[in-house]
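Thanks for coming. I have one structure to go through today, so please look at the screen.

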Amino acid sequence: MDINSLKPEKVFRFFNEISQIPRGSGNTSKIAQYCLDFAAKRNLKAVMDEGDNVIIYADATKGYENSEPVIIQGHMDMVCEKTPQCTKNMNIDGLSLCTDGEWLWADGTTLGGDDGIALAYMFALLDSDDIPHPPIEAVITRDEETGMFGAEKFCASLVKATKILNIDMEEEGTLTVSCAGGITCNYSVPLSAPSDKADFAFEISVDGLLGGHSGVDIDKNRHNAFRLLCELLKKITENNITFKISDISGGGKFNVIPKSASAIIGINSDCYSHLVDICSSFKSEFDDKYSKYEPDAVFSVKSLSESYTFYDLNSTDKIIRFISGVPNGVQNFSENIPDLVETSLNLGAVSLKSDLLLAHLLIRSNSSDKMHVLIEKLEKFSCNFEASCSFDSEYPAWEYRENSPLRELAIETFTELYGKAPIVSAIHAGLECGIFSKKINNADIISFGPDIENIHTPAERMNIASVERTWNYLKEILRKLK
C-alpha cells in the first residue's frame, strides 16, 4: 500500500518526507535546515536560536487575530536502532517506510514516530489555509532523546505564548499533565589493566531481549541485557569454570533498556561444549520464569580464534559484582497516583577502557526528594568499589498544575469528539515540558499524541487511524482557542 494514499494525506506526506532525512540525536543539521526551508517557501518567519532549535511563526487565521498565541512543540531528533540484519547506515540513509493500511513502520529500523509525528502535524497545519487557529509558534527542538539539550538552551524570549501543546506522547486518549525529571549518573571503576593471557577465548552473548524506553517500559518486566549477562557469567562460575574477562559490549543509549550484551572471556581449557550446555540450561530456567515477557531471548557461546589480553581474576570479579549490584530498574511507586513508577534508573551503557570500567545510568523521578535519596545511594555504592561517581544532564520534573484552563479545554474537547473523557495522567519519563514549565512564566501545558507502539526499538509502529483522530483533536483544540 502506498504511503501517500494514507489519510490525513498532508500529515503522512510530510512524515514521509522527513523520514528520508537522517535525524538521529546529534545528527540534526539536515532536518533543522528542512524546517527553515519549509518556512521560507511559505513566507513564514522562522529563526534558529542558540540551542539550534527552530521556531516557525504563523499569523492567526481570520477571526482569531485577537486570540492569545499558542505554542505547538515537538523535537526533531529520533532514536536510531536497527535489527542485526539491517544494513542501513542511519547516519546517512533515510528510512524505508512500510504500511498495511492499519499500521506504519520502518523496515529493519525504528520508525521515528517519536517525535516525527509532531513535525508532520505542524507542517500539515502550517501548509493549510483552511484550519482556524490563533497565532502559532511552532517550536521544534533538537536532541531531546539524549538529554533535552535543545530545550535546555531554548531562548524563551523568542516566544510570547504561555499555552503549550506538546505532541510527544504515544497513547491516544491519554492526556499527560506531569512528567519525571532526570539526571545521568556516571561511574568510573578502577581495574588492573588487562595483561593476562588465556589458552582459549569465547564470546558469551545475550540477545533478543525486547529492550524499550527506560521510562515508560521500566516496569514491564523487560530485562537489562548487562544484568542478565552477568547472571549467566555467574552461572558459569557456579559450574566450576574459572575465567577472565577481556571485554564487555552492548547497550549504549542511556534512555534505552539494553536488549543485547556480550562478554569475551578467557579460559585455560577448551570447554566449549560445557559452556553450550550451561547456556542451554540457563535458557530453560529463564524461559520457565520469563518467556511471557521476553519470548525471544537468546543465550549463546562462540569460540574465538583471535588473541586477547584479559583482566586478572580480581578485576574480573569486580566487573561482575559491580554490574550485578549497581541499583537498576524500579525503585519505588507513587503513593498518590496508582501504578505510576515514581523513581527508577537504567543501566544503559557499560564499557571497559584499559584500567577502567565505565558505566552510565539514567535516573528518573517524579519527586525531587526521592531522586536525591537515590543519588545518595549511588554515591555510597561507589565507595564499595573505590569508584568515582558524577552526575550531569539534569532536567526538571513537570509538576502538576492545579489550575489549568488548557487542560480543562482539552478534556472537554476530547469528550465532545469521542463521547468519553481522556485519561489524565502523569508519566515516568522526561518530557521537554518540564524545561518549558521553568523557562516560560505561567506556562499552561498539555501533552498528547497518537498510538505508537514499541518506541525506541525496531518494532516501533504507529497506528494510522489514531494519527487521523489525533489530527482532528489537535485542530478542534486550536479552533476553540479563540
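**T109 and its surroundings**

Leaving aside residues up to four places away in sequence, T109 touches E81, K82, C86, K88, M90, L95 and P458, where contact means heavy atoms within 4.5 Å. Before I continue: this is a predicted model, in which local features need pLDDT of at least 70, side-chain atom pairs count only at pLDDT 80 or more, and totals for chains, interfaces and linings use all residues. Residues are numbered from 1 along each chain as its sequence is written, and side-chain values use heavy atoms, with hydrogens and water left out.

T109 sits in the loop between β5 (103-106) and α3 (113-126); helices (H or I, at least four residues) and strands (E, at least two) are DSSP runs, numbered from the N terminus. Is T109 buried or exposed? Its relative accessible area is 0%, so T109 is buried. Buried means under 20% relative accessible area, exposed over 50%, partly exposed in between, with a 1.4 Å probe and protein chains only.

Next, helix α7. Its buried residues include I319, I320, F322 and I323. The buried residues of α7 pack against several elements, among them β9 (181-190), α5 (225-238) and α8 (368-383).

Last, the cysteines. How many disulfides does a search of the whole structure find? The search finds zero, a disulfide being a pair of cysteine sulfur atoms within 2.5 Å. For C230, the closest cysteine sulfur is in C279, 14 Å away, which is too far for a bond. C433 is in no disulfide either, and the nearest cysteine sulfur, that of C179, is 6.0 Å away. C433 is buried, at a relative accessible area of 1%.
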